[in-house]
Amino acid sequence: MSVLLRQIPTDIPQDIRKIRIENSHLTELPRGSFENVSALEYLWLNFNNITVMHIKSLEYLPALKELRLQGNKLSSVPWTAFQDSPALKILDLKHNRLDVLPEHALRYLPNLTYLDLSSNQLTVISRDVFSSWPVYQRSQRAEGQTEASSTTVLALHDNLWICDCRLRGFVQFIKSVAPPIILMNPYLTCSSPKSRAGKFFHEVELNSCMKPLTSALDTNVTVPVGLNVTLTCFVQASPSPAVWWNYALKLLRAFNVSTQPISEEMVRSELLIPAARPADAGTYTCTAANFLGNSSAAVALRVGAPWARTTPPGWAAVAPAEPGAHVEVRIAKQTVYGITLEWFAAAAAAEPGETWYTLLVGRYDAARKDTIYIGPGVNTYSVTDLLPATKYEVCVAVRNQAPRKGQCVVFVTGSDISQLEQREKLIHIVVIVCAMVLAVPAGMYACTAEARPGCLGRCPGTCPRRRRRGQAQAAGSKESTLDSLPAGSQDGLCHPQGGRGAQRPPEREEPDKARPPHRNSADLY
């Protein structure tokens, strides 16, 4: 008792009939543990740390009558091991971690008078476990006979019984138990599902098991771009099935799926798709499965077509524009890595708190741009990780409208990154099309992409004035001059007299100013 042992002692006298080793930290019963004590009748190994019992651990113990393994850590038992101990009458396995009782488990225990499986983790037992038990078979044959048979005590209480269709046969067995089999505690209780938790076996009526039958609330769903959509399917099954959603052969993330029971044999599963995009369109499959099989239901989702730009800088709307819905956009901040946009919806739809926006971000010459959906109450967004020497366009639209005139900003990033980082200026906003100049921080130049190519003929007289205004704001600052602004494109640019791509007059250059070591081949001016 309470002696630190790691294994069964090997020097046990051969005539020993009773062994009791408790609280001694044994961890396993290896093969042939008691091969030298074949006269052993009583073996108590309670409250150790036994986790493994070898299938031949009881070999050479034909006279064993009592085996007590209470309070160990056994999660399974090799039931065929009891073939070596046919005289066993008492088997105590309470307070272990047993979670399965195979159908053949009791077949090799023909002479038991006491079996204790209480306080384990058993959840489901087939009725066949007991119908194949020799003790139960004898009791059935002896029913109605006057000859008395030995009584057998069975303890099964304090387990985690799942009271669904899988336990139906076992519950019927418990209700029908009669002498010579006696339940130590006849009030077995359900642990789950929630609707039956805490109820006694004699209070529940369990139905037969059923393969899942899956159906969809709506097999064809259409939703506008940017709105949330919920796809729903219903599953009738017993026991309660596992339900999941697939899209394009991929399992969808669990945190977007909600599955709730609505009756004893019916569950509802919902898949939430926030801010639906055209890329979300397709066929979604709801699948349910239990141990009897599986079934599926498909839901086809159609999302309103994305906004598509025709020829820059014009935009073609895919939905009617809402009267008066207009967004004023400006560059509120520039950083080493990008810009921060800020917009204001002037006379937009009904409630600003309910208005969502769509941002289109990408290279100026890209046919398709990244689409970002901004929820209600947000009016700023930062564009980061921009490439050097590249022309970008960012547009802001209200709801399902296409961007209107004045709702786009075109800018060019610098090329000498190391030098610009030292200045903490990476983004240079330049005049792309002659139009209203947005409010930007000092030293930055911006223009909305609202004018069409026809206005370029009027640019030569206007653009120089805007450049002079920008130079006046940044007087004395070399990094704010337009000489140092490279770009990746010349489309739609305003040029001074003298032709496209001409350099600035040499008399304006500072005589002592050295040229940068690297120049982009596609200069703006």
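Reader: Why is Cys-190 called buried?
Author: This is a predicted model, and in it Cys-190 has 3% relative accessibility. Buried means under 20%, so Cys-190 gets that label.

Reader: How do you know that Cys-163 and Cys-190 form a disulfide?
Author: Their sulfur atoms sit 1.9 Å apart, and the cut-off is within 2.5 Å, so the pair counts as a disulfide. Cys-163 is in the loop between β8 and α3, while Cys-190 is in the loop between β9 and β10, 27 residues apart.

Reader: What makes the disulfide of Cys-163 and Cys-190 left-handed?
Author: The torsion about its S-S bond is about -90 degrees, so it's left-handed.

Reader: And what makes the disulfide of Cys-165 and Cys-209 right-handed?
Author: There the torsion is about 100 degrees, so right-handed it is. Cys-165 lies in the loop between β8 and α3 and Cys-209 in the loop between β9 and β10, so this pair ties together parts 44 residues apart in sequence.

Reader: Why is Cys-209 called partly exposed?
Author: Its relative accessible area is 27%. Buried needs under 20% and exposed needs over 50%, so Cys-209 falls in between. Cys-165, at 7%, counts as buried.

Reader: How do you know that Cys-395 and Cys-408 form a disulfide?
Author: Their sulfur atoms are 2.0 Å apart, and the limit is 2.5 Å, so they qualify. Cys-395 is in strand β26 and Cys-408 in strand β27.

Terms used. Residues numbered from 1 in each chain as written. Predicted model: local features only at pLDDT ≥ 70, side-chain atom pairs only at ≥ 80, totals over all residues. Heavy atoms only, no water. Helix = DSSP H or I, 4+ residues; strand = E, 2+ residues; numbered from the N terminus. Buried < 20%, exposed > 50% of the residue type's maximum accessible area, 1.4 Å probe, protein only.
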